[in-house]
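Biologist: I would like a close look at one part of this model, with the terms spelled out as you go, before I think about the rest of the chain.

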Amino acid sequence: MHRKLLTLAAVLCAAGAHAQSSVQITGLTDVYAGSIRMAGDAGRRTVVNSGGMTTSWFGFTGTEDLGSGLKAGFALTSFIQVDDGTQGRFPGDTFFSRDANVSLSGGFGTLRLGRWMAPNFLPSVLANPLGDSFTFAPLILHMNVPLFNASGWQATTPSDTGWSNQIAYTTPDIGGFKANLQYQFGEQAGDNGKKNVGANFFYFGGPLLLTGYYERDQIANPGQGAYLGTTKKDWMLGAAYDFTVVKPYLTYGQAEADNLPGKAKTLQLGVSAPLGAGKVLASWARTELTAADVDRKTLTVGYDYNLSKRTDVYAMLMNDKITRQTTGNSFGVGIRHRF
């Protein structure tokens, strides 16, 4: 009996130690094959690329229970292009451009220091049916992906989807409502007034999602960042409602810069519907550049099939149009695995 009690005590101590502190290796790999032609492209590219539905990433996260309801945490996560093993999203991307932060959380909420999501990112992901696809989601493409072709299309998001050198405060959940207040230090020698400030909010009330964000940006990202040369403002409101048989999505937002005329006005309509072990997905976005009399319209339809809780396969078709540019049509099939 004495030996059994000692064994039980050892197991409980080990379990308690594990509960007090934990570190996880985590990430996601996503690779697709297809043919891509965006509006304004001179020709078509047949590709095997990374990040069809989600940008691939890996890294380390951890928490420590400090007692009295307090927890410390950290996140060090990096983007990777799984098709060829290249680190980062693009040449020059910093190593831990997805996350590099430490946090303290409790009944007061969470205070986070370091590199983390920008205010624009999570609202735009939650309020469109294709989530954070930088390849096929019309809303994400219009907001975050410049086109290096004849169209000259520039992302409407002022300063990347992640901010460095920031202090971020997350409120506790209050009846389904939560918000983030974020401040990025410009760290500009001789002019500490340059900065990024922003906020977002989320309301989850049963099947209803309401979200939105606002940013006022003067500093570029990722990495140390540089002065943009002007002040840029960007905001969006979004909603979704799950009727079980169908889930519609709606977003509307605007972006503008102090040194440029006009605004970028973006409307997005989307829908998802369960079918078998997966979902049918469709999203359409229209961005109007008021000063240039230019419209961009992008439509994507596809199917995402779950092989398990961690692995899915997908097929997407996309049509992309910009005023006075060649039309682009793209398709891709891929596989995504979370670990």
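Biologist: Which residues form a nonpolar patch on the surface, and about how much accessible area do they have together?

Modeller: This is a predicted model, in which local features need pLDDT of at least 70 and side-chain atom pairs count only at pLDDT 80 or more, whereas totals for chains, interfaces and linings use all residues. Residues are numbered from 1 along each chain as its sequence is written, and side-chain values use heavy atoms, with hydrogens and water left out.

The nonpolar patch consists of L66, L70, V102, L104, F108, L111, L113, I167 and F185, which together have about 720 Å² of accessible area. Patches are built from residues with over 30% relative accessible area and no salt bridge, like charges being joined within 9 Å and nonpolar side chains (Val, Leu, Ile, Met, Phe, Trp, Tyr) within 5 Å; the areas come from the Shrake-Rupley method with a 1.4 Å probe, and for residues only the protein chains shown count as cover. Strand 6 (99–106) and strand 7 (109–117) each give the patch at least two residues, where strands (E, at least two residues) and helices (H or I, at least four) are DSSP runs numbered from the N terminus. F185, another member of the patch, belongs to strand 9, residues 177–185, and counts as partly exposed because its relative accessibility is 39%. On this scale buried means under 20% relative accessible area, exposed over 50%, and partly exposed in between (1.4 Å probe, protein chains only).

Two further residues sit in these strands. In strand 9 there is also A179, which counts as buried because its relative accessibility is 10%, and which touches Y169, T170, T171, N200 and F201 when residues up to four places away in sequence are not counted; contact here means heavy atoms within 4.5 Å. In strand 7 there is R112, a buried residue that has no salt bridge, since the nearest side chain of opposite charge, D99, is 6.3 Å away. A salt bridge requires a side-chain nitrogen of Lys or Arg within 4 Å of a carboxyl oxygen of Asp or Glu, and for charge Lys and Arg count as positive, Asp and Glu as negative, with His and the chain ends not counted. Leaving aside neighbours within four places in sequence, R112 is in contact with N101, V102, S103, Q166, I167, A168 and T170; V102 and I167 are members of the patch.

Another salt bridge joins D304 and R336, whose closest N and O atoms are 3.2 Å apart. D304 lies in strand 16 and R336 in strand 18 (residues 328–338), so this pair ties together parts that are 32 residues apart in sequence. D304 and R336 are buried.
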